[in-house]
Amino acid sequence: MPHDHHAPLSPSDHPYRDDDDTSLTYWQTMEIAVRELLIEKGYLSATQIQEQINTMDERSPANGAALVAKAWTDPTFKKSLINDAGEASRNMGFDIGPMHLIALENSETVHNVIVCTLCSCYPRNLLGLPPDWYKSRAYRSRTVIEPRKVLAEFGLELGEEIQVRVHDSTADMRYIVVPAQPKESIGLSENELKDWVTRDSMIGVGLPRSPI
Amino acid sequence: MKVRVLYQWPPGHVRTPAYLRGKVGIIERRIGEFKNPEQNAYRAKPDQSHLIRVRFKMKEVWGDNAERPDDFIEAEIYEHWLEPYDAT
């Protein structure tokens, strides 16, 4: 049997999902009321709101990957990125908004991983929306207590020679990991390298890998 | 320079994680001045407070239960939550 669900299956063997015919929560009602008032009073148009939503949705890990690929191929840029990630990113034309950014470099002896134990701070301008697990209580609490075990569950077994540095994004800074460049990718162009940089490798729960 | 995070439990919006209170670490870098979130969250006119990245050893934070004693945890702590620490 392809699936073992209790819910009845559609003719294509997928489970039916309940429609979202639930009543609005207090805050959903509030959001609609404020939005309609802003439009009614002429402060914003529906188009502007939709465009802003699209802009936010379009932010993706590709932005961060471009930054890392640049760092791998341009030692001067990498140095400035580690020194002042915000300024280096802006100077290279990456739109990171008002974000205060720190870039953390992985090496043969250091592995960095990012967590926000207090909420879910995440460099959205560079990585897009955070994955659900990043916001989960399990990831947020366990990563500061047993990072090696958490990373192993992501499939990342770190050797004894590697020191783990957990960065708790507690206040105003946002973080991006600059993973070490895989040996197999040395010599590739900046453009080709972008495809090696995964979202997870920039959070620190994965490594870059060949796109094919 | 060694610093200790104040062991205190004020009410309200505080951005110092509970698990780091009372712990000793070293200053990793000074980031600059930011609005004090404890005031800013309530729309009080916020003071500026220096934000400092502090590096802690796992052993210091979790004691004998540390997964690996010499791994690090680093976090941003506002200056008004830190006091100089002298081990002697």
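Biologist: What makes Asp200(A) count as partly exposed?

Modeller: Its relative accessibility is 22%. Buried means under 20% relative accessible area, exposed means over 50%, and partly exposed is whatever falls in between, with a 1.4 Å probe and protein chains only. So 22% puts Asp200(A) in the middle class. Keep in mind that this is a predicted model, where local features need pLDDT of at least 70 and side-chain atom pairs count only at pLDDT 80 or more, while totals for chains, interfaces and linings use all residues. Residues are numbered from 1 along each chain as its sequence is written, chains are lettered from A and ligands numbered from 1 in the order in which they are written, and side-chain values use heavy atoms, with hydrogens and water left out.

Biologist: Why do you call the pairing of Asp200(A) with Arg199(A) a salt bridge?

Modeller: The rule asks for a side-chain nitrogen of Lys or Arg within 4 Å of a carboxyl oxygen of Asp or Glu. Here the N to O distance is 3.1 Å, so the pair passes. Arg199(A) is partly exposed too, at 29%.

Biologist: How do you know that Arg35(A) and Glu31(A) are about one helical turn apart?

Modeller: They are 4 residues apart in helix H1 (residues 26-40) of chain A, so about one turn separates them. Helices here are DSSP runs of H or I with at least four residues, strands are runs of E with at least two, and both are numbered from the N terminus. Arg35(A) comes out at 29% relative accessibility and Glu31(A) at 39%, so both are partly exposed.

Biologist: What makes the salt bridge between Glu105(A) and Lys78(A) a link between distant parts of the chain?

Modeller: Its closest N and O atoms are 2.9 Å apart. Glu105(A) sits in strand S1 (residues 100-105) of chain A and Lys78(A) in helix H4 (residues 75-83), 27 residues apart. Both ends are partly exposed, Glu105(A) at 35% and Lys78(A) at 25%. Over all chains, the structure holds 18 salt bridges.

Biologist: How do you know that Cys119(A) is in no disulfide?

Modeller: A disulfide is a pair of cysteine sulfur atoms within 2.5 Å. For Cys119(A), the nearest cysteine sulfur belongs to Cys116(A) and is 3.5 Å away. The sulfur of Cys121(A) is 3.6 Å from its closest cysteine sulfur, in Cys119(A), so that pair is too far for a bond as well.

Biologist: Are those two cysteines buried or partly exposed?

Modeller: One of each: Cys119(A) is partly exposed at 28%, while Cys121(A) is buried at 10%.

Biologist: What makes a set of residues a nonpolar core?

Modeller: They must be buried Ala, Val, Leu, Ile, Met, Phe, Trp, Tyr or Cys residues joined through side-chain atoms within 4.5 Å. The largest such core has 66 residues, and Ile176(A) is one of those with the most contacts inside it. Helix H3 (residues 61-73) of chain A gives the largest share, 7 residues.

Biologist: Why is Val144(A) called buried?

Modeller: Its relative accessible area is 3%, so it falls under the cut-off. Val144(A) lies in helix H7 (residues 137-145) of chain A. Leaving out residues up to four places away in sequence, Val144(A) touches residues of both chains, including Val115(A), Val166(A), Tyr19(B) and Trp62(B). Contact here means heavy atoms within 4.5 Å.

Biologist: How many residues of each chain are in contact between B and A?

Modeller: 23 residues of chain B meet 28 of chain A. The buried area is about 2100 Å², with carbon and sulfur atoms giving 47%; that area is the accessible area (1.4 Å probe) that two parts lose on being put together, summed over both.

Biologist: What makes Glu160(A) and Arg68(B) a salt bridge?

Modeller: Their closest N and O atoms are 3.4 Å apart, so they meet the rule. The count between the two chains is 2 salt bridges. Glu160(A) and Arg68(B) also belong to a salt-bridge network with Arg148(A), Asp70(B) and Asp71(B).
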